[in-house]
Amino acid sequence: MTLTSILPTLRASIPDPLAIDRWPEWTHPTTTDVIVSGVSLLRLVDICDTPCVHSAAAVVPGTHGRPSDTEQASVVVARVTSIERPGVLTLDADLAAVSACLEEVRMIGRVSTRRGRPFQLGNAVVALPEDLAVGDLIVVPCAGSISCRQLRAGVAS
């Protein structure tokens, strides 16, 4: 449990912490964005729309962020397309085909000071702010190098 989960109003001034071993190299959060290897994920969405992917070197576990010489990691940015009762999320990306670390999912694009609540995402349950809305952006770190094609394969049109 983190201080921002106990006092959600702190999210307006400090970002939620992240588990550095699960994200690509040189990842750091801000209150509204995640920066991966110098690339703002909000800016990436401006350029590429969603879903989009950014890949970089993976972090060697237990080294406090040292980049791997051989392994890759990716970050997927997807948009919430619907929220059905009771808290079932649908994204514009199919995360079933990738090794997503759903424990690290986070919302970007705006600050929420609302408490986290469970949402059903595919076969998993993720914790996101209770004021999550259609159109919000979700960021998920993934192991390995992935492509947008993998995210679109199972999405029904």
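Me: In what order do the elements of the protein run from the N terminus on?
Reply: This is a predicted model. The protein has three helices and ten strands. From the N terminus on, the order is α-β-β-β-α-β-β-β-β-β-β-β-α.

Me: What radius of gyration does the protein have, and what would a compact globule with 157 residues have?
Reply: The C-alpha atoms fill a box of roughly 45 × 40 × 30 Å along the principal axes. A compact globule with 157 residues would have a radius of gyration near 15 Å, and the protein agrees with this, at 15 Å.

Me: What share of the contacts with a separation of 6 or more comes from residues 24 or more positions apart?
Reply: Contacts here are heavy atoms within 4.5 Å. Among those with a separation of 6 or more, the share from residues 24 or more positions apart is 59%.

Me: Which residue forms a salt bridge with Asp46, and where do the two lie?
Reply: Both residues of the pair are in helix α2 (residues 41-48), three residues apart, or about one turn of the helix. The N to O distance is 4.0 Å, and the partner is Arg43.

Me: How many residues apart in sequence are the parts that Arg110 and Asp136 tie together?
Reply: The side chains of Arg110 and Asp136 meet in a salt bridge, 2.8 Å from N to O. Arg110 lies in the loop between β7 (106-108) and β8 (116-121), and Asp136 in the loop between β9 (124-129) and β10 (137-143), so the parts tied together are 26 residues apart.

Me: Is Asp136 buried or exposed?
Reply: Buried means under 20% relative accessible area. Arg110, its salt-bridge partner, has 26% and counts as partly exposed. Asp136 has 10%, so the class is buried.

Me: Which residue forms a salt bridge with Glu130?
Reply: The closest N and O atoms of this pair are 3.1 Å apart, and the partner of Glu130 is Arg114. The pair links distant parts of the chain, 16 residues apart: Glu130 is in the loop between β9 and β10, and its partner in the loop between β7 and β8. Glu130 is partly exposed at 37%, and at 41% so is Arg114.

Me: Which residues do salt bridges that share partners join into one network?
Reply: A search of the whole structure finds five salt bridges. Those that share partners make one network, and its members are Arg110, Asp131 and Asp136.

Notes. Residues numbered from 1 in each chain as written. Predicted model: local features only at pLDDT ≥ 70, side-chain atom pairs only at ≥ 80, totals over all residues. Heavy atoms only, no water. Helix = DSSP H or I, 4+ residues; strand = E, 2+ residues; numbered from the N terminus. Rg over C-alpha atoms; globule rule 2.2 N^0.38 Å. Buried < 20%, exposed > 50% of the residue type's maximum accessible area, 1.4 Å probe, protein only.
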